Amino acid sequence: MRKRTHSAESTHGGDGDSNPKSWQEDRKEEDDRFLSSKKILLICLVFRMINSLFVQTYFNPDEHWQALEVAHRVTFGYGHLTWEWKKGIRSYLHPMLFAVLYKVLSFLHLDTPLFMIKAPRLWQSMLSAFGDLYLFKLSHAAYGYRVAQWALFSQLTNWFVFYCITRTLSNSLETVLTVISLYYWPCLRVNSSNALTASRPWALVAAALACAIRPTSAIIWVYIGFMELFVSRDRLKFVFLEVLPIGLVVLGLTFLLDHWMYGSWVFVPLNFLKFNFLSSGGDYYGTHPWHWYFSQGFTVMIFSFLPFMVVGIIQSKNWKLSGLILWVLALYSVLGHKEFRFVLPVLPIALAFSGYSLAILSRPNSSGKMNKKITKTQSKCSWQIKAAVFFLLATNVPMAIYMSMVHQRGAEDVINYLAKEAHYGNVKNILFLTPCHATPYYSTLHQRIPMRFLDCSPSEAKGSLDESDQFLTDPFGFTSEFAKNWSQPSHIILFNNEEEHLKDFLFSSSYAERKRFFHSHFKVDRDLQASVVVYELLEE
C-alpha cells in the first residue's frame, strides 16, 4: 500500500509532505468519486428493485429449479432436486445465497406467499445493482465520466438486461461477478494513470467465485489471464502468489461446502466438464447451428444497441474487450446446446461500447472558431443524440415490459394462485401434466403437500422417450395409463393445447375447470401454449 501511495504522489510532482495542496486536491477528487459511486449505487439499487417487481414471467427453468428449489430444500427440508444434483454437476454455492434469504424470512415469520414470490428477485436485484455500478466504474476507468454515464444508460435501458438480470439464474450472478472482476484487472486499463485502482487479487477473487458458480465462466478468465500474463512484469508472482493461492482457496472452500451438502466428496467442476463438454450431455435439451449466437442469440440480446456497439468498438479501438466478446461468442458457438443466458456476462461489455458511441454522439465538435459554427454543430449533435435516445427507448422499453410482464406469465401466475390456495388449505395434491419444469415448484408453493410432474431426466438408452416426451406424443394415451396407478390429485395443471386432447378424460374423472391464466401470444419452441388451466376434482 505504501509503494502504491508513493507512486501516486510522485505523479503529481512530489511527495505528500512537500506538496500538501496537491495531496488535498487528490483527496477531494477521491471523495467526490466515492460520493459519486454511492449516488450511482443508490440509483441502481432503486432501479433494479423496481425492475424485479416488473419481472412476472417465466423464462428458464433453472431460475427456479437450480436455485430456489434447492435453497428451499436446504432451508425448509422439502423441495425437489433434479437429476443434476444426483449426478453432482451443480455446486451448492449459488443456492446457498437464497437459502440464507429463506432462513431470514422464516426467522421473521415472513415466509408468506407474497414474500416467497417477490423476495428472491428483490435479493438478486440488490446484487445486480453492484454489477451496474461496476460497469459504470469500468467505463469511467477506461474512457472517462461521459462514456460511463452513457454506458450506464445503455445497461439500464437494454431490454434483455432488464428482462434477465434480476432473475435468480446463476448466469445473473456470474454476470455481476464478471463485471466486478473486469474492473480490477490491470491489463484492461487503457493508461497507467488510472491503473492505481486496479487490483489483481480482487479481480481473481471475483473471477474464482464466478467459476465456482458456473465452471464455464473459465472461458472468460482464460482469455483475461493470458492477456495479463503477457503484459505483466511479475509473471511468477502473478501465477504462484496470486492465481494459485486465490484459486485454491475459493475452490477448496466450495469443495468443502459441496462435501457438506452432498454428504460425500464431489468435485463439481470435473463432473460438469464431463457432462457438458466430454459427453455433450447438454445436447439432450436441444442444439442450434454454430452461427446461432452471431445470427440470432446475441443479436437479439443487444437488439437496437447493435449498431451503436459496432461504432463504439471501431471508435474506441479497445481490441482487448471487443476481442473478449468475440472469444466468448466463438467458443460457446462450438457447443451444440446454446442458450441466450450463456453469453449474458459479455452483454454489459457490449453495452459499454454502445455507451462510447453515444458519448461521442452527444459531444459537439468545438474545434471551430466562429460562434455560429459552434452553435450549428451543437444543435446538430443535440438533434442526433435525442434521436438516438428516442430510438433506443422506443425499441427497448416496450420489449422489456412485454417480455417481463406478458410473455409466458401463466406459468408463474398458476403457481402463485396455487400457493395462496394451498396456504388456506384448499389444495391437497397436484399433478402437472405439462412439459417438465414448466412452472416453479415448492419454492413458490411453500406448502408440504404431494406434487408430481412429468420427468425428463436424460436416459442412457438412446432413443428412449422420457415421461414428458411420451405425454406430448400421446397426451390421452399416456394420461389414461398413468391414471391406473395414481393417487388421484385434487388439482391438475396443463396447457390449453394438451387440454384439447384430455377434456373427455378430465370430465369422466370428475374434474372441472377452476381457473385459466393467459400464458403467451405466440409459440416458442413447441405448439402455442396460449393459457395454463387449473382443473379441480369435484367433491362427491
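Rings of Phe, Tyr and Trp (the six-membered ring for Trp) form a pair if their centres lie within 6.5 Å; a pair is stacked with planes under 30 degrees apart, edge-to-face with planes over 60 degrees apart, and tilted for the rest. The structure shown is a predicted model, where local features need pLDDT of at least 70 and side-chain atom pairs count only at pLDDT 80 or more, while totals for chains, interfaces and linings use all residues. Residues are numbered from 1 along each chain as its sequence is written, and side-chain values use heavy atoms, with hydrogens and water left out.

**View 1. A cluster of rings.** Ring pairs join Phe59, Trp159, Phe160, Tyr163, Trp292, Tyr293, Phe303, Tyr332, Phe340 and Phe342 into a cluster. At Tyr163, you will also find Arg167 lying over the ring face, 4.5 Å from the ring centre. Such a charge counts as sitting over a ring if NZ of Lys or CZ of Arg is within 6 Å of the ring centre and within 35 degrees of the ring normal. Another case is Arg189, whose charged end sits over the ring of Tyr183 at 4.8 Å from its centre.

View 2. The ring rule gives a count of 41 aromatic pairs. In one of them, Tyr134 and Tyr184 have ring centres 5.8 Å apart and planes at 50°, so the pair is tilted. Tyr134 belongs to helix 6 (residues 113–143) and Tyr184 to helix 9 (residues 170–184), 50 residues apart; helices here are DSSP runs of H or I with at least four residues, strands are runs of E with at least two, and both are numbered from the N terminus. Tyr134 is buried at 12% relative accessibility, and Tyr184 is buried at 15%. Buried means under 20% relative accessible area, exposed over 50%, and partly exposed in between (1.4 Å probe, protein chains only). Now look at Trp159 and Phe303: their ring centres are 6.5 Å apart and their planes stand at 75°, so this pair is edge-to-face. Trp159 lies in helix 8 (residues 159–164) and Phe303 in the loop between helix 14 (292–302) and helix 15 (306–316), so the pair ties together parts 144 residues apart in sequence. Trp159 is buried at 3% relative accessibility, whereas Phe303 is partly exposed at 31%.

**View 3. The nonpolar cores.** A nonpolar core is a set of buried Ala, Val, Leu, Ile, Met, Phe, Trp, Tyr and Cys residues joined through side-chain atoms within 4.5 Å. The largest core has 87 residues, and those with the most contacts inside it are Phe160, Trp185, Ile224, Phe298, Val343 and Leu347. Helix 17 (residues 347–362) gives the largest share of this core, 9 residues. Contact means heavy atoms within 4.5 Å; setting aside neighbours within four places in sequence, Phe298 is in contact with Tyr293, Met309, Ile325, Leu329, Val343, Val346, Leu347 and Ala350. Another core, of 45 residues, lies apart from it and includes Tyr78, Leu101, Cys436 and Ala438.

View 4. Five strands are arranged here: the open sheet of 5 strands has the order 2-1-3-5-4 and mixed pairing. Strand 2 (451–453) and strand 4 (511–518) stand at the edges with a single partner strand each, so one side of each is left without a neighbour in the sheet. From one strand to the next, the twist averages 20°. Two strands pair if DSSP finds at least two bridges between them. Strand 1 (residues 430–433) pairs with strand 2 in the parallel sense over 3 bridges, and 4 bridges join strand 1 to strand 3 in a parallel run. Phe432 has Phe453 as its bridge partner in strand 2 and Ile493 as its bridge partner in strand 3.

View 5. Strand 5 is largely enclosed by the rest of the structure, because 6 of its 7 residues are buried. Strand 3 and strand 5 pair in the antiparallel sense over 5 bridges, with Ile492 opposite Tyr535 of strand 5.

How values were computed
Axes are lines fitted to C-alpha atoms, for helices over the stretch in contact, and angles run from 0 to 180 degrees between N-to-C directions.
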